[in-house]
Amino acid sequence: MRQIFARRLRAERDARAITQKQICERTGLGQPFISNVERGKITISLDNAGKVAAALGLPLHKLLEPCGHGRGG
């Protein structure tokens with residue numbers, strides 16, 4: 001799930017042309033943290049995942065769906 005979240009976060013952020021810095025400003029989370037989450041290096045808490053989803057204007061479940069056509073991300 002961590003890798004799915006990481007890939008989806010990056011894809012959704014890129015699709016909206018939102019920078020990591022903007023995510024940080026909208027969530028109050030640090031840029032190194034967001035970078036590590038996006039690279040799948042660390043696990044994000046449910047609370048922080050909700051903040052990130054809100055910053056992207058998405059329901060949280062959208063960040064847990066694999067990218068692509070059911071190939072697991």
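I began with Glu38, which is buried, its relative accessible area being 10%. I note that the model is predicted. The cut-off for buried is under 20%, so the 10% of Glu38 falls within that class.

I then located Glu38 in the fold and found it in helix α3. Setting aside residues up to four places away in sequence, I listed its contacts as Ala6, Leu9, Arg10, Arg13 and Gln20.

**Entry: the partner of Glu38**

Which residue meets the side chain of Glu38 in a salt bridge? I found Arg13, with an N to O distance of 2.7 Å. Arg13 belongs to helix α1, whereas Glu38 belongs to helix α3 (residues 31-38), so this pair ties together parts that are 25 residues apart in sequence. I looked up the accessibility of Arg13 as well: it is 8%, and Arg13 therefore counts as buried. I recorded Glu38 as buried at 10%.

**Entry: a pair within helix α1**

I next turned to Arg10, which forms a salt bridge with Asp14. The closest N and O atoms of this pair are 3.0 Å apart. I checked the positions of both residues: Arg10 and Asp14 lie in helix α1 (residues 2-15), and their separation of 4 residues is about one turn of the helix.

**Entry: Lys62 and Glu65**

I also examined the salt bridge between Glu65 and Lys62, in which the closest N and O atoms are 3.9 Å apart. The cut-off for a salt bridge is within 4 Å, so this pair is counted. Glu65 is partly exposed, its relative accessible area being 30%. For Lys62 I noted 32%, which also means partly exposed.

Finally, I recorded the total: how many salt bridges does a search of the whole structure find? The search finds 7. Those described in these entries include Arg13 with Glu38, Arg10 with Asp14 and Glu65 with Lys62.

How values were computed
Residues are numbered from 1 along each chain as its sequence is written. This is a predicted model: local features need pLDDT of at least 70, side-chain atom pairs count only at pLDDT 80 or more; totals for chains, interfaces and linings use all residues. Side-chain values use heavy atoms; hydrogens and water are left out. Helices (H or I, at least four residues) and strands (E, at least two) are DSSP runs, numbered from the N terminus. Buried means under 20% relative accessible area, exposed over 50%, partly exposed in between (1.4 Å probe, protein chains only). Contact means heavy atoms within 4.5 Å.
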